[in-house]
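Please take a careful guided tour of the model that follows, with a viewer open beside the text.

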Amino acid sequence: MQRLASKAWLVLGLGLWLGVAGSGLAQNESVTTGAPPPPERVAVPSTSTADHSKFEILQKEFASGPEVTAACLSCHTEADDQVMHSIHYQWKFDSSSGQTLGKSEVLNSFCGNVAGNEPRCTSCHAGYGWDDMASPPPAQSNAVDCLACHDRSGQYTKLADAAGHPPLEPVKAGAVTISGQPAWAVDLAKAAQSVGQPGRDNCGNCHFYGGGGDNVKHGDLSSVLFEPSLAVDVHMSPEGENFTCSTCHVSDQHEWAGSRYEVHATDPGTGKPGERRDVATCESCHSADPHPTSLIGMKLNDHVDVVACQTCHIPEFARGGVATKTVWDWSTAGRLSPEGKPMHEENYVQGDGKALHTYLSTKGDFEWGENVVPHYAWFDGQVDYTTGDMEIDPSEIVEVNRVHGAREDGRSRIWPFKLMEGSQSYDAGFNKLAYAQVWGPDTDTAFWTNFDWSKAIEAGMKAAGSEYSGEFGFVDTHMYWPITHMVAPASDALDCVACHAEDSRLAGLAGVYMPGTDTMSWIGILGRLMVLGALLGVIGHGLLRLVNRSKGGSHHG
Amino acid sequence: MANRIVKVFPRFERFWHWTQMALIFVLIFTGFGLNGVHGLIPFRMAVTLHTVAALVLLAVWIFATFWLFTTGTWKQFLPKVEGMLEVARFYAWGVFKGEEHPYRKIFWRKHNPLQAATYFALKWMVFPAIWGTGLVYLAYNFWEPLPNAVFLLKIVANLHLLAAYVIVTFVILHVYLLTVGHGFREHVKPMVTGFDEIELTPEQEAYLEQNEPWRLKH
């Protein structure tokens with residue numbers, strides 16, 4: 001059947017990289033204890049024609065990350081240049097809407113902003129030594145971190161507060177890695193000799209911990225995806241397709257398909273055999289008619305022009321035992337114990353048994369959710385942000401980002417989102433979102449050190465180069481995170497009645513007529529009255545006949 | 001004039017009637033499930049059954065229409081005002097007094113005038129309305145790019161629903177009226193066996209004896 005309607009194309013590809021800043025900025029929310037074993041890693045079958053452990057240049061002691069990079073570049077001559085132009089390195093994205101976005105630019109409703117919190121936030125930068133957001137990332141070749149993505153020994157990591165450098169011998173007491181574990185000394189030679197294509201762990205070590213802890217930010221990217229069960233992710237599960245992130249997020253010269261800021265608007269579906277794929281969409285493998293050629297399959301295929309694959313096939317997010325943060329109220333942060341010490345409360349136990357903070361003096365109150373039913377909205381792929389220079393109306397809920405799209409535009413589809421509710425600081429004089437410096441153990445200004453918002457905001461605004469009125473307040477915010485990971489097996493896809501019923505998941509969504517949702521329409525009421533009238537009529541008629549017959553009528557029927 | 005047991009409903013007509021009945025019941029049950037009136041059947045199964053039953057019924061209707069016109073049976077369904085008032089008066093009044101039904105079946109007129117008018121309206125208005133809107137509804141994805149498609153879909157869906165409620169109302173009255181007069185069993189029997197008691201003119205009798213003896217029970 002010719003699909004006349006234009007389609008809003010489904011693009012996976014939430015730029016994974018946006019998960020990074022939070023983990024850099026914040027303390028890990030999960031309560032970790034115990035000794036620091038390097039985590040077990042995901043095996044990826046290698047198809048390489050080179051065994052890097054046989055390369056002489058890698059058979060030596062390395063004293064730093066950049067030394068390893070220099071050795072890599074002696075063969076991979078263009079890699080540094082490629083990486084440095086990528087969003088993983090620049091943290092900047094020029095949106096076609098005209099906005100300059102990216103981690104270095106935007107504010108969010110989690111840890112807020114990178115500026116002013118650099119060595120912490122930039123611990124997840126794909127480089128070494130970016131300690132000032134006011135300057136561009138380091139430009140020397142060996143500042144690129146090859147190992148973060150290519151280490152296959154499993155023991156490479158980055159310190160949580162060292163602008164991207166790994167923990168090396170001797171490891172400082174109390175040092176923590178980017179994924180919130182007590183740090184161990186990385187063996188750089190072992191890492192260098194192990195390199196290969198990225199596994200789920202390479203990406204996940206940053207992206208699964210965005211927002212300050214496991215699954216805090218995205219909701220559909222958690223440590224569960226290191227080794228997911230089939231039920232959590234049918235593609236990434238070792239019981240399933242055992243995909244790595246880059247199976248879908250295909251790359252070309254260190255640029256990856258899939259962006260959360262600008263989702264691909266078109267995708268012709270399956271390409272010719274062997275044809276290069278440049279998008280991380282479902283259709284790029286599954287085509288635009290993915291369901292079997294049965295009556296129901298055809299009916300389901302009829303949905304794909306207005307319903308994103310994710311809407312039915314990711315029935316809930318934050319599955320598999322790791323919760324996601326759904327509410328973050330910064331306005332209550334700073335409450336100290338009677339002894340004047342920072343406090344914490346752990347009133348949420350997630351599926352895997354781990355207790356999570358529900359209050360921290362450093363961060364305020366949180367709420368968590370597991371198996372969360374998404375928020376649904378029409379989405380054409382375009383996301384824009386309330387950046388730090390834009391005026392806001394503090395009497396209303398401020399949308400930190402907005403997803404564009406409508407039924408009528410012919411390009412949008414109904415997508416699932418994680419709706420993040422927040423309360424965060426704003427400049428009450430200029431009515432704009434505020435930047436805050438929260439991290440800075442050696443400073444007098446950082447909120448986590450001194451619990452003084454006025455100093456923290458003043459320092460944050462200064463670091464971001466944003467004019468500050470001197471007054472601040474807290475404003476309620478919403479933020480939308482497209483859900484595209486944790487695709488469930490087909491048998492777990494949403495049942496029809498999840499939407500085709502009164503008060504269903506899509507209740508209130510404009511621009512749809514769905515059978516089953518409006519049985520009490522005025523035709524429905526009229527019809528019921530008509531049927532009721534007929535029933536009463538025949539019952540009355542029948543009774544009258546009975547009465548008259550018993551009166552001695554001569555009817556013979 | 002003589003009362004004879006005559007085959008008034010040939011095999012195809014009976015097959016047509018009962019297939020139609022079964023399919024309409026499937027359609028009513030699944031359709032009102034889809035509409036949200038009841039939740040007795042899973043939505044997905046209801047979609048399948050409703051679609052298949054509708055397409056089968058359409059096929060049966062195409063055959064029936066062909067049969068009606070080639071056999072001349074279509075004339076049975078032409079409404080006539082003559083006698084209608086008497087029948088209406090009977091249902092509203094006479095039936096309570098134990099009067100006889102005013103209509104006498106004749107060979108070329110199996111239906112009483114009210115019945116014929118009802119079937120005429122069904123065949124010419126309600127059935128076309130339901131399968132017309134149903135097909136348009138089913139083919140939504142072909143015309144979805146039209147401006148205001150969602151609004152049009154809502155109109156189509158509600159017209160379909162209205163026609164469905166009219167059919168339910170018809171079914172209630174149709175079944176009830178079978179109990180009036182000679183009684184439910186007597187009324188259903190001809191549609192099962194094909195034979196009914198009919199007043200034949202001597203000429204009709206002679207013709208049938210001569211040319212279509214299988215129509216007459218001896």
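Begin by selecting A:Arg200, which counts as buried because its relative accessibility is 0%, where buried means under 20% relative accessible area, exposed means over 50% and partly exposed lies in between, with a 1.4 Å probe and protein chains only. Keep in mind that this is a predicted model, in which local features need pLDDT of at least 70 and side-chain atom pairs count only at pLDDT 80 or more, while totals for chains, interfaces and linings use all residues. Residues are numbered from 1 along each chain as its sequence is written, chains are lettered from A and ligands numbered from 1 in the order in which they are written, and side-chain values use heavy atoms, with hydrogens and water left out.

A:Glu227 counts as partly exposed because its relative accessibility is 48%.

Next, select A:Lys158 and A:Asp145, whose side chains meet in a salt bridge at 2.6 Å, N to O. These residues, too, link distant parts of the chain: A:Lys158 is in the loop between helix 6 (147-150) and helix 7 (188-193) of chain A, and A:Asp145 is in the loop between helix 5 (118-121) and helix 6, 13 residues apart. Are A:Lys158 and A:Asp145 buried or exposed? Both of them are buried.

Move on to A:Asp302 and A:Lys299, which form a salt bridge with the closest N and O atoms 3.6 Å apart. A:Asp302 is buried because its relative accessible area is 14%, whereas A:Lys299, at 24% relative accessibility, counts as partly exposed.

Then turn to chain B and select B:Arg4, B:Glu205 and B:Glu209, which are linked in a network of salt bridges. Over all chains, a search of the whole structure finds 15 salt bridges.

Finally, show the whole of chain A, whose secondary structure comes to 15 helices and 17 strands, taken as DSSP runs (H or I of at least four residues for helices, E of at least two for strands) numbered from the N terminus. Of the 557 residues of chain A, 55% count as buried.

Terms used
A salt bridge is a side-chain nitrogen of Lys or Arg within 4 Å of a carboxyl oxygen of Asp or Glu.
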